[in-house]
Amino acid sequence: METSRPDDAAPRLCVLAAEPLLTVTIEASGHEVDVPDVHVHAGGQGLWISRMAASLGATVTVCGPFGGETGSVLAHLAKQESFDVRTTTSPSNGAYVHDRRDGERREIARMPSPLLDRHCLDDLYGTVLVASLDADVCVLTGTEESSNVPPSFFGRLAHDLRAAGRIVVADLSRGQAKAVMDVEGVVLKISHEEMVEGGFADDDTLDSLRSAAEDLIAGGLGGVVLSRAHDPALVVTAKTVATVTTPPITTVDHRGAGDSMTAGIAVGLGRGETLASAARLGAAAGALNVTRRGLGTGRREQIERYAQQVRVDLLD
């Protein structure tokens, strides 16, 4: 997984944000009990990953569908951030409103993302393919409902990106993950729950997860990174199997840890690091993100320093 990027250049990422979301969060102001703070942000897996990757020093191009009232606001917010946004057509965008005034996240309302028709999918596919020509690493993110973007879309795209010589990191689940599992060289980042629920592993024991990941490597994947909640992550390639352990840390909001980890992995690979070393950076990004309010947020200098405390152990 080598690139032609000069050693002193920032890694270049192209991120497929298949499901951008408009997020509204209500927080206690901290000053007056009855006066809330309302936060409106561009969200969704692809944008959270892009935000963290940009924080880690990467040059990021994010491609995603935007449309309708929610999409107009969402695209405007996304374009204010430190990455290049390539918008494609969509009927609208999903959105949610969360209330965190009591310290817990409670969903008040959610508008689901729409199905993307053939024209929208074609527009999105071509945009990602062309944007990837200037990237070292391409990150593929999926949708909550597999029907919104069919699994075959991800399989075709991963195949074409690999044929073009791009490093591909896929953070997908269910049928969308299965669609890229036979594409040679793809790095799959997936949680232990998704491995079991998707039928890829018999259970969530380390031995079962390792065996399932090794089967995926034998089938063509270039690497598998398995996040395991509070347990050490598992990194499997054709040559090595390792666990990645972060120091214990107090969680403020667990959401966003997995996406931050994916961002760190992609940035590390874009720098030319091994998958285990990239996973160390990803684990540090994920760990520090859970100490913050704000998904996919963090400071590069803190994450890089904390990564030195993350332990990588090779397994027999």
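**Close-up views of a predicted model**

**View 1. Leu116 is buried, with a relative accessible area of 10%.** Buried means under 20%, exposed over 50%, and partly exposed in between (1.4 Å probe, protein chains only). This is a predicted model: local features need pLDDT of at least 70, side-chain atom pairs count only at pLDDT 80 or more, and totals for chains, interfaces and linings use all residues. Residues are numbered from 1 along each chain as its sequence is written, and side-chain values use heavy atoms, without hydrogens and water. Leu116 sits in the loop between β7 (106-111) and α3 (118-131). Helices (H or I, at least four residues) and strands (E, at least two) are DSSP runs, numbered from the N terminus. Beyond its neighbours within four places in sequence, Leu116 contacts residues including Pro65, Ser90, Pro91 and Asn148. Contact means heavy atoms within 4.5 Å.

**View 2. Arg174 has a positive phi of about 50°.** Most residues other than glycine have a negative phi. Arg174 belongs to helix α5 (residues 174-178). Arg174 is partly exposed, at 38% relative accessibility.

**View 3. Ala229 also has a positive phi, near 55°.** Ala229 lies in the loop between β11 (223-228) and β12 (231-236). Ala229 counts as exposed, because its relative accessibility is 63%.

**View 4. Asp204 is found in the loop between α6 (192-197) and α7 (206-218).** Asp204 has a relative accessible area of 46%, so this residue is partly exposed.
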